[in-house]
Amino acid sequence: MSNIDLSLPSVEIREIRLNSLTSYSGQASDLVKKAQVRQLKDEPRHFMQCSGCSITKAACMAVLIQDAVVVEHGPIGCSTCLHSFDFTYLNNGKQRGLESPSQRRIFSTNVQEKDTVYGGAEKLRKTIIDAHKRTDAKAVFVLSTCATAIVGDDI
């Protein structure tokens, strides 16, 4: 890994510095070949709330499980886009033979600034207990957002 030159006016983008990428469109075999010869290139991108975030991919799969609940551990804004899977949820439910898919059950710990400083583990524990009491879910999936992952909350 290269060093970060703090004398520069801005730090080089992580994906460029590490020669990595945040997404790839193509065949898995091509991805492996390019990675082996270090030809992976991250395309220019712009930040956009709920666009391409890894938590959305995990949530899209977890909300399909009928007797489960999803707890998003992070700021409330990160979970707002999880409800947009309604179309996918209803269509995938029908494709899987579910006559009437159950309501999606998504909870958030609503992490605030002080939680990122002092930790949000207790808030997570209380949210999991509350979600289970309210839904009697057979499984609870906890999804970590960037905020809680960066500060190292123990999930």
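These legends walk through several close-up views of a predicted model of a protein chain.

**View 1. The whole chain, as a starting point.** Welcome to the fold: the protein chain has eight helices and three strands. Read from the N terminus, these elements follow the order α-α-α-β-α-α-β-α-α-β-α. The chain holds 155 residues, and 26% of them are buried. Among contacts between residues at least 6 apart in sequence, 65% join residues at least 24 apart.

**View 2. The largest nonpolar core.** Which residues make up the largest nonpolar core? The eight residues are I55, A59, A62, V63, V70, L82, I106 and L143. Helix 3, spanning residues 54-62, gives the most to this core, with three residues. Apart from this core lies another one of six residues, including V69, F107, L124 and A137.

**View 3. L143 and the residues it touches.** Here we zoom in on one member of the largest nonpolar core, L143. Leaving aside residues up to four places away in sequence, L143 touches I55, A58, A59, V70, V71, E72 and H73.

**View 4. A salt bridge between K123 and D115.** A search of the whole structure finds three salt bridges, and this view shows the one that K123 forms with D115. The closest N and O atoms of the pair are 2.8 Å apart. Is D115 buried or exposed? D115 is buried, because its relative accessible area is 7% and the cut-off for buried is under 20%.

View 5. R125 pairs with E122, their closest N and O atoms being 2.8 Å apart. Both residues lie in helix 7, three residues apart, which is about one turn of the helix. R125 is partly exposed at 43% relative accessibility, and E122 is partly exposed at 40%. D130 and R134 are also in helix 7, four residues apart, with closest N and O atoms 3.7 Å apart. In this pair D130 is partly exposed at 34%, whereas R134 counts as exposed at 60%.

**View 6. Two loop residues with positive phi.** Most residues other than glycine have a negative phi. N110 is not a glycine, yet its phi is positive, about 50 degrees. N110 sits in the loop between strand 2 (106-108) and helix 6 (113-118), and is partly exposed at 31%. D136 is not a glycine either, and has a positive phi of about 55 degrees. Where is D136 placed? D136 lies in the loop between helix 7 (121-135) and strand 3 (139-144), and counts as exposed at 52% relative accessibility.

Conventions. Residues are numbered from 1 along each chain as its sequence is written. This is a predicted model: local features need pLDDT of at least 70, side-chain atom pairs count only at pLDDT 80 or more; totals for chains, interfaces and linings use all residues. Side-chain values use heavy atoms; hydrogens and water are left out. Buried means under 20% relative accessible area, exposed over 50%, partly exposed in between (1.4 Å probe, protein chains only). Contact means heavy atoms within 4.5 Å. A nonpolar core is a set of buried Ala, Val, Leu, Ile, Met, Phe, Trp, Tyr and Cys residues joined through side-chain atoms within 4.5 Å. A salt bridge is a side-chain nitrogen of Lys or Arg within 4 Å of a carboxyl oxygen of Asp or Glu.
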